[in-house]
Amino acid sequence: MKTITLKKGKAESLKRFHPWIFSGAILKADAEPAEGETVRVTDHEGRFMAVGHYERGSIAVRVLSFTPQDIDDDFWEKRLAEAFRLRQALGLVGEQDNEIFRLVHGEGDGLPGLVIDLYGHTAVMQAHSVGMHYCRKALAKALVRVTDGFVRNVYYKSETTLPYKAGIEPETGFLCGEHGDEVAAEYGLKFHIDWLRGQKTGFFVDQRENRRLLEHYAKGRRVLNMFCYTGGFSVYAMRGGAALVHSVDSSAKAMDLTRENIALNFPGDTRHEGFAEDAFRFLGHIRPDDTYDLIVLDPPAFAKHKDAVRNAIKGYTRLNAIAFEKIAPGGLLFTFSCSQAISKEQFRLAVFTAAAQSGRRVRILHQLHQPADHPINIYHPEGEYLKGLVLSVE
Ligand code: SAH
């Protein structure tokens, strides 16, 4: 195993178990590692610090272990078994009415660069690092073994997560099994899972609990679900007894997925209508007497990097300010940010600014976050990405 030596003073974050080593912290390597290779990391005096996957780029090493060990089949089995046990403890495994959950959440499960979502007995796996890509087959086999047959199919999808890296060709396809569950239940609602063409692993698993909260408030309300993607919030609003549900997404494909999911659960129900349109355009058209009683804003990450933060905050303010104008008195706003680079405080400040611009009386009813199957490694605060507020607007 090749050794990477850190500059003096650059091992401090590793002593606090932070799982990333930035390229600027590296003093030298005894031989240039290939991308995806497992390397040993020492401090400037040669003391062992960590083992991890090497990659060229700002994050040079993703740490797999802080104690010396081989990264082999046993290692993967142990980590995957731990991840599976946590989901069992959360009551997520083997439930009839809920078959969708996240089984591996990168750093949160001690497996940086790896995401695995479960849909019924099908796992959809994504590598965000070259190292995990090279280990994909071993990981898939280990997954089937440690879940005792609960996972039957493993579908691998790296085409969007590993672009232009290390000459890797986009790869999608089954590593185990040959076809997967195409419909899976989330709290008793059915969803078509389109992992072949869909974004991420096919579905936004992280909003499960927040969707259920929305259902609780939907009764009799006119609901607008902006950035609806597969229509998750819309389907829950329908079950919650909404008077009408409007779903909006700029992607025509997303609108098709939303309509399919509505039809799967509420065939022929005319309360739902979908609009393939830009969010700002749609909001701009709403007439003063066509307001909504409940609006969901769940946009894509406005800030993908730290340098985009200022503009992103402005974007959140602008979007929320328009929403405040379109909500009827006594209405609710479910507003989210999934930008990792934006903190809870920054997001709240953006929404505060929007509320102040509207001049309305606004109260925070709930502060929302990612669910427990998206755990946050306490040493890796960057893992806290989803934040939301439920606001009552007078
Ligand atoms: N709320 C969804 C996830 C939203 S993902 C869920 O619970 O599953 C963000 C969505 O925003 C994507 O589907 C994307 O197509 C859509 N989107 C991106 N930019 C947009 C824009 N300007 N107007 C409307 N939709 C947009």
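Begin by selecting Tyr-379, which is partly exposed with a relative accessible area of 40%, where partly exposed means between buried (under 20% relative accessible area) and exposed (over 50%), computed with a 1.4 Å probe and protein chains only. The model is predicted, and local features need pLDDT of at least 70, side-chain atom pairs count only at pLDDT 80 or more, and totals for chains, interfaces and linings use all residues. Residues are numbered from 1 along each chain as its sequence is written, and side-chain values use heavy atoms, with hydrogens and water left out.

Tyr-379 sits in the loop between β19 (362-369) and β20 (387-393); strands are DSSP runs of E of at least two residues and helices runs of H or I of at least four, numbered from the N terminus.

Asp-74 belongs to helix α2 (residues 73-89) and counts as exposed at 56% relative accessibility.

Finally, select helix α4 (residues 136-146), whose buried residues are Arg-136, Leu-139, Ala-140, Ala-142, Leu-143 and Val-146. Looking down the axis of α4, these buried residues fall within an arc of 165 degrees, so they line one face of the helix. The face of α4 turned away from the buried side carries the exposed residues Lys-137 and Lys-141. After α4 comes Asp-148, with a positive phi near 55 degrees.

Notes:
The arc is that of the directions from the helix axis to the C-beta atoms.
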